[in-house]
Amino acid sequence: MITPEQKLHLEQETVRMLRTVFDPEIPVDIYSLGLIYKIDIDDDANLKVDMTLTAPNCPAADFLVEDARIKLESIEGMKSVEFRIVIEPEWTNDMMSEEAKLDLGFL
């Protein structure tokens with residue numbers, strides 16, 4: 001069982017790592033794009049991530065998930081990593097961070 005401090009550290013590291021995963025067609029990381037819907041770390045350091053895609057038939061889906069999985073599994077203390085691709089709510093560019101919108105010219 002991990003402590004609340006360890007859990008917070010793992011959550012922060014998860015976000016930090018997700019910010020290093022970029023869609024090859026969009027120069028913005030998947031976290032800032034708003035593709036990460038849920039990050040859940042249980043008391044045994046098992047991570048579950050709910051993620052969506054910019055389009056249901058996104059050709060980069062496998063690449064994005066595998067890149068993220070490899071990076072998240074490298075976090076010291078993380079026991080396991082599980083991804084779930086969800087399609088609801090449907091992703092829109094309103095879900096992007098202000099920084100991402102600025103980078104992509106939406107502001």
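I take contact to mean heavy atoms within 4.5 Å. With that in hand, I note that 61% of the contacts in the protein chain between residues at least 6 apart in sequence join residues at least 24 apart. The model I am reading is a predicted one.

**Entry 1: overall build**

I looked up the secondary structure and found three helices and three strands in the protein chain. Followed along the sequence, they give the pattern α-β-β-α-β-α. The radius of gyration is 14 Å, close to the 13 Å that the globule rule gives for 107 residues, so I record the chain as being as compact as a globular protein of that length. I also noted the extent of the C-alpha trace, which spans about 45 × 25 × 25 Å along its principal axes.

**Entry 2: surface and charge**

I looked up how much of the chain is covered: buried residues make up 40% of the 107 residues. The protein chain exposes about 6,500 Å², and carbon and sulfur atoms supply 51% of that area. For charge, I found 10 positive and 23 negative side chains, with the centres of the two sets 4 Å apart.

**Entry 3: the nonpolar core**

Which residues touch the most other members of the largest nonpolar core? I found that they are Ile30, Met51, Leu72 and Phe83, in a core of 30 residues. Two or more residues come from each of helix H1 (4-18), strand S1 (36-41), strand S2 (46-51), helix H2 (61-73) and strand S3 (80-85). H2 gives the most, with five residues. I set beside this a general remark: in soluble globular proteins, nonpolar side chains tend to be buried together.

Leaving out residues up to four places away in sequence, Ile30 touches Leu18, Val21, Leu35, Ile36, Met51, Leu64 and Ala68.

Ile41 lies in strand S1. Its relative accessible area is 1%, and because the cut-off for buried is under 20%, I list Ile41 as buried. Beyond its neighbours within four places in sequence, Ile41 is in contact with Ile2, Lys7, Leu10, Glu11, Thr14, Asn46, Leu47 and Met78. I also looked up Ile41 and Val21, which are 20 residues apart along the chain, and found their C-alpha atoms separated by 19 Å.

Not counting residues up to four places away in sequence, Asp50 touches Leu35, Ile36, Tyr37, Lys38, Arg84 and Val86.

**Entry 4: Ala61**

I placed Ala61 in helix H2. At 15% relative accessibility, Ala61 also falls under the cut-off and counts as buried. Ala61 and Ser80 are 19 residues apart along the chain, and their C-alpha atoms are separated by 20 Å.

**Entry 5: backbone details**

Where does Ala45 sit? I found Ala45 in the loop between S1 and S2. Phi of Ala45 is near 70°, a positive value in a residue other than glycine. Ala45 counts as buried, at 2% relative accessibility.

Finally, I looked up the peptide bond from Glu88 to Pro89, which is cis, with omega near 0°. Pro89 belongs to the loop between S3 and helix H3 (98-103).

Terms used: Residues numbered from 1 in each chain as written. Predicted model: local features only at pLDDT ≥ 70, side-chain atom pairs only at ≥ 80, totals over all residues. Heavy atoms only, no water. Core = buried A, V, L, I, M, F, W, Y, C linked by side-chain atoms within 4.5 Å. Buried < 20%, exposed > 50% of the residue type's maximum accessible area, 1.4 Å probe, protein only. Helix = DSSP H or I, 4+ residues; strand = E, 2+ residues; numbered from the N terminus. Rg over C-alpha atoms; globule rule 2.2 N^0.38 Å. Areas by Shrake-Rupley, 256 points an atom, 1.4 Å probe, with all protein chains shown as cover. Lys, Arg positive; Asp, Glu negative; His and termini not counted. Charge placed at Lys NZ, Arg CZ, Asp CG, Glu CD.
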